[in-house]
Amino acid sequence: MASNGSAGEVRDVHSSETTKTLLKSNDLYDYMLKTMVYPRENEFMRELRQITNEHIFGFMSSPPDEGLVLSLLLKLMGAKRTIEVGVYTGCSVLATALAIPDDGRIVAIDVSREYFDLGLPVIKKAGVAHKVDFREGPAGPILDKLIADEDEGSFDFAFVDADKYNYGNYHEQLLRLVRVGGVLAYDNTLWGGTVAMPDDTPLTEEDRKKRDSIRGFNAMIAADTRVDPVQLPIADGITLCRRVV
């Protein structure tokens, strides 16, 4: 969470110095990781996590406990075709690729493949690169093309961890691409807990804008009768939406 430094400095909500969890106790989070997460972590997921953690923007990645949740959800759903908006080094892409069948497919979208190329060798080593259809560019036009190509309702699952200001737009597009009964998942929907903080809480300008945008998105989802939503306090907050219409 944002806090003031010794000289009144306002810090970023997320950085290499923070842990991406909403738990109040770092010891409890460490216990969960060591007891239930790390012992069951796939060897290739571990390798990619370690590579990502060494990167200057490593804090942007989905943490391993979130990866296990998504993996379990995909297996429970029997998901086969998925979309990912926002890829970074590919930690969640790899988690998905390992969870879906061998003939499954992930349309992975990011504005740049620079960071994805850091993780691609590990994805290849894991033997699941053939499931990944990486598409470089802004997500909006790429999703529009998928809709135009008559892929409507053909996907089982979508995961969004991209620019927060466009979550509402992505939601409308993904509702057309994910089948009824499928799931749309949105990351960072509690933004370090700032969504519940008073409006005058000291935040950086960028964090304030993202906090406000996410608040608006959360309110939109809560009122959307086309989905059955649940918000989980895992990692930085995950909102799962089951499409019902």
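1. Charges come first. The chain carries 28 positive and 38 negative charges, and their mean positions lie 4 Å apart. Lys and Arg count as positive, Asp and Glu as negative; His and the chain ends are not counted. Each charge is placed at NZ of Lys, CZ of Arg, CG of Asp or CD of Glu.

2. On the source: this is a predicted model, where local features need pLDDT of at least 70, side-chain atom pairs count only at pLDDT 80 or more, and totals for chains, interfaces and linings use all residues. Residues are numbered from 1 along each chain as its sequence is written, and side-chain values use heavy atoms, with hydrogens and water left out.

3. Overall form. The chain has 245 residues and a radius of gyration of 18 Å, which agrees with the value near 18 Å for a compact globule of that length. That radius is taken over C-alpha atoms, and the globule rule is 2.2 Å times the number of residues to the power 0.38. The C-alpha trace spans about 55 × 40 × 30 Å along its principal axes.

4. Secondary structure. There are eight helices and seven strands. These are DSSP runs (helices: H or I, at least four residues; strands: E, at least two), numbered from the N terminus.

5. Surface and contacts. Of the 245 residues, 50% count as buried. Buried means under 20% relative accessible area, exposed over 50%, and partly exposed in between (1.4 Å probe, protein chains only). The chain exposes about 11,800 Å², with 53% supplied by carbon and sulfur atoms. These areas come from the Shrake-Rupley method with a 1.4 Å probe. Among contacts (heavy atoms within 4.5 Å) between residues at least 6 apart in sequence, 69% join residues at least 24 apart.

6. Helix H3. H3 covers residues 64-77 and reaches 20 Å from its first C-alpha to its last, close to the 20 Å expected at 1.5 Å a residue. The expected span is 1.5 Å times one less than the number of residues. Buried residues in H3 include Leu 70, Ser 71, Leu 73 and Leu 74. Just after H3, Gly 78 takes a positive phi of about 70 degrees.

7. Two loop residues deserve a look. Most residues other than glycine have a negative phi. Tyr 88 has a positive phi, near 55 degrees. Tyr 88 sits in the loop between strand E1 (81-85) and helix H4 (91-99), and is buried at 8% relative accessible area. Glu 150 also has a positive phi, of about 65 degrees. Its loop runs between helix H6 (139-148) and strand E4 (155-160). Glu 150 is exposed, at 71%.
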